[in-house]
Amino acid sequence: MKYITSMTKKPPSDDFQNFQYWQTLGQQLPVDGVASTFETESDCRDRLAAVRWPIGVTCLRCDTKNVGYLELRKVYHCRDCRYQFTVLTGTVLHSSKLSPQCWFDAAEEYIRWRAANERYDYGIHALADFLGVPYPTAQRVRKILKQDLAPDGSGLLAKCICTEATSDPFETLSENL
């Protein structure tokens with residue numbers, strides 16, 4: 001009986017569309033890199049809030065706009081129902097001990113890797129080394145990145161870090177025909 005030793009190879013399916021998807025995400029990354037675009041933790045939290053609530057912060061419990069921000073604790077406070085929440089509450093990053101800045105860097109690295117290597121997934125050991133975290137943490141991070149950044153995922157991280165505007169490659173292709 002032959003055992004498969006490497007579980008990181010992807011099965012072939014819709015390779016061209018998958019390749020195009022990762023290429024498009026890679027082209028939308030900031031030219032100078034995510035770290036130079038979002039230099040501080042506050043920049044990352046502000047970007048998350050802007051993507052999550054484009055027309056203003058809304059209470060997650062009662063949907064009111066009567067929300068304040070407690071700077072010292074970095075939490076939002078609903079003045080109507082008194083619910084407190086952060087920009088990460090209810091997202092894929094909710095219970096993570098990693099900072100949003102670390103997540104932004106990890107997402108950029110993952111997108112760049114997938115854009116260059118469409119058949120192989122990012123290795124967990126390589127991700128652990130890149131982030132400077134233990135193997136189990138890197139395993140969880142990669143799982144979350146795969147779910148969030150996938151074509152059918154929520155795309156929160158992609159919406160946060162992909163700031164460059166590019167045209168849809170499928171639109172461009174159909175226009176040239």
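1. Start with a definition. Two rings of Phe, Tyr or Trp make a pair if their centres lie within 6.5 Å; for Trp, the six-membered ring is used. Keep that rule in mind for the next points. Note too that this is a predicted model.

2. Which residues do ring pairs link into a cluster? They are Trp53, Tyr69, Tyr76, Tyr83 and Phe85. By the pairing rule, the structure has a count of nine aromatic pairs.

3. Are the two partners buried or exposed? Tyr21 is partly exposed, because its relative accessibility is 23% and buried means under 20%. Trp22 is buried, because its relative accessibility is 3%.

4. Now take Tyr83 and Phe85, which belong to the cluster. Their ring centres are 5.7 Å apart, and the angle between the planes is 20°. The pair therefore counts as stacked, since planes under 30 degrees apart fall in that class. Both residues are buried.

5. A pair of aromatic rings is described by the distance of the centres and the angle of the planes. Read both values when you check a pair in the viewer.

6. Next, the cysteines. How many disulfides does a search of the whole structure find? It finds zero. Cys44 is in no disulfide, and its nearest cysteine sulfur belongs to Cys160, 8.7 Å away. Cys44 counts as buried because its relative accessibility is 0%. Cys160 is buried for a like reason, because its relative accessibility is 0%.

7. Finally, look at Gln101. This residue lies in helix H4, which covers residues 100-116. Gln101 is partly exposed, because its relative accessible area is 21% and buried means under 20%. How far apart are Gln101 and Cys44 in sequence and in space? They are 57 residues apart in sequence, with 5.9 Å from C-alpha to C-alpha.

8. Which residues does Gln101 contact, leaving aside neighbours within four places in sequence? The list is Phe38, Glu39, Thr40, Glu41 and Cys44. With Phe38 there is a further detail: the Gln101 side chain reaches the backbone oxygen of Phe38 at 3.5 Å.

Terms used:
Residues are numbered from 1 along each chain as its sequence is written. This is a predicted model: local features need pLDDT of at least 70, side-chain atom pairs count only at pLDDT 80 or more; totals for chains, interfaces and linings use all residues. Side-chain values use heavy atoms; hydrogens and water are left out. Helices (H or I, at least four residues) and strands (E, at least two) are DSSP runs, numbered from the N terminus. Buried means under 20% relative accessible area, exposed over 50%, partly exposed in between (1.4 Å probe, protein chains only). Contact means heavy atoms within 4.5 Å. A polar contact is a pair of N or O atoms within 3.5 Å; within protein, one must be able to donate a hydrogen and the other to accept it, and residues adjacent in sequence count only if both atoms are side-chain atoms. Rings of Phe, Tyr and Trp (its six-membered ring) pair if their centres lie within 6.5 Å; planes under 30 degrees apart count as stacked, over 60 as edge-to-face and the rest as tilted. A disulfide is a pair of cysteine sulfur atoms within 2.5 Å.
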